[in-house]
Amino acid sequence: MKNAAVGQHLFSGALSGFAGAILLQPLDLLKTRIQQGDSALNARNTTVIWCTTKVILRNEGIKGLWTGTSATLVRNVPGVALYFTSLTYLRSIMAKSPYFSAHQRHDRDNSKTVLPKLSSQGNLIAGATARVGVGFILNPFSILKARFESELHAYRSLSGSLLSIARMGPPELMRGFVASSLRDAPYAGLFVVIYESIKRETTYLIPTAYAAGIHSFSAASAGAIATMATHPFDVIKTKMQVRSEDRYRGFTTTLMRIFKAGPIQRGAAGFFDGASLRMSRKILSSAIGWAVFEGMLLFMQT
């Protein structure tokens, strides 16, 4: 990509990350609060969410639902900008390869986009690679975000809390990265494949539809499917990054702890704490993020 194109992608991605962080922070906060415990409340999911919300409102007021927004912005604005830019860069390189190029194989492929087009295998690899790479670079900020959202850590400032994490050494800075990668690689790969497929089919079926509507619908649908397929790793990641006990320091020990958490062994159900909140957030953030990103690129390049 040319320097001008890189700048456009970074700006569009940063704007996308900013919008999603500000609008959807309450869902992220509630998800973290629910996942941080050893076991979910013995109640229906909607009851757990409502009880958690009431506790926050009673103790912190309405602004408490936006606790950790500054840390989320520090993580998500550069994170989304880097992800979208690196994804487009990888796709532009891979599009030159006969193994990954779409080769205009789809007669229906007249989608409203300025992004490079790849085969499904190419989209899967590009999405997974870009997401894991950005996740590695920004993992310390992911830890910071999770701990600011949790009430288990009394952090007062972003810089001070980041320094306190850094003083504990590289293992603490990379805590939860394996779980994050196992969540992000399949999520991002599946997302890009499904997003591009739905966008292509929707454009063919409704050629007069607005581009923003197609991008939002395609992203929301892809986000819902990819989220449920990868949610267990999100629960593991959150506990590893938020809890300080030794039993949550390793991936395997955390996995077993979740499986056996609480007075009654919960089994697989423990890996879906906060699933509805994460799905709601992912559907909305995907719809907002990709619509803003592709919309801004279409606006700047036409």
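Biologist: At what angle do helix 3 and helix 4 pack?
Modeller: This is a predicted model. In it, helix 3 (residues 69–94) and helix 4 (residues 120–137) pack at about 145°, and their axes are 9 Å apart.

Biologist: Is the crossing of helix 3 and helix 4 left-handed or right-handed?
Modeller: Helix 3 crosses helix 4 in the right-handed sense.

Biologist: Which residues make that contact?
Modeller: On helix 3 they are Gly79, Leu82, Tyr83, Ser86, Leu87, Leu90, Arg91 and Met94. Helix 4 contributes Gly122, Asn123, Ile125, Ala126, Gly127, Thr129, Ala130, Arg131 and Val134.

Biologist: How many of those are nonpolar, polar and charged?
Modeller: Nine are nonpolar, six polar and two charged.

Biologist: What does Leu87 touch, ignoring neighbours within four places in sequence?
Modeller: Leu87 is in contact with Ala126, Gly127 and Ala130, and also with Val192 and Trp290.

Biologist: Moving on to the largest nonpolar core. Which residues touch the most other members?
Modeller: That core has 23 residues. Tyr83, Leu87, Phe191, Tyr195, Trp290 and Phe293 touch the most other members.

Biologist: Which helices supply at least two residues of this core?
Modeller: Helix 3, helix 4, helix 8 (177–205), helix 9 (211–242) and helix 11 (275–301) each do. Helix 8 gives the most, with seven residues.

Biologist: What lies apart from this core?
Modeller: There is another core, of eight residues. Leu30, Val48, Ile56 and Leu277 are among them.

Biologist: Is Asp28 buried or exposed?
Modeller: Asp28 counts as buried because its relative accessible area is 6%, and the cut-off for buried is under 20%.

Biologist: What does the side chain of Asp28 make a polar contact with?
Modeller: The side chain of Arg281, at 3.2 Å. Setting aside neighbours within four places in sequence, Asp28 is in contact with Lys145, Glu149 and Arg281.

Biologist: Now the whole chain. How many helices and strands does the protein chain have?
Modeller: The protein chain has 11 helices and zero strands.

Biologist: And what percentage of residues count as buried?
Modeller: 50% of the 302 residues.

Biologist: Among contacts between residues at least 6 apart in sequence, how many join residues at least 24 apart?
Modeller: 79% of those contacts do.

Conventions:
Residues are numbered from 1 along each chain as its sequence is written. This is a predicted model: local features need pLDDT of at least 70, side-chain atom pairs count only at pLDDT 80 or more; totals for chains, interfaces and linings use all residues. Side-chain values use heavy atoms; hydrogens and water are left out. Axes are lines fitted to C-alpha atoms, for helices over the stretch in contact, and angles run from 0 to 180 degrees between N-to-C directions. Helices (H or I, at least four residues) and strands (E, at least two) are DSSP runs, numbered from the N terminus. A crossing is left-handed if the near helix is turned anticlockwise from the far one by less than a right angle, and right-handed if clockwise. Contact means heavy atoms within 4.5 Å. Ala, Val, Leu, Ile, Met, Phe, Trp, Tyr, Cys and Pro count as nonpolar, Asp, Glu, Lys and Arg as charged, and the others, Gly among them, as polar. A nonpolar core is a set of buried Ala, Val, Leu, Ile, Met, Phe, Trp, Tyr and Cys residues joined through side-chain atoms within 4.5 Å. Buried means under 20% relative accessible area, exposed over 50%, partly exposed in between (1.4 Å probe, protein chains only). A polar contact is a pair of N or O atoms within 3.5 Å; within protein, one must be able to donate a hydrogen and the other to accept it, and residues adjacent in sequence count only if both atoms are side-chain atoms.
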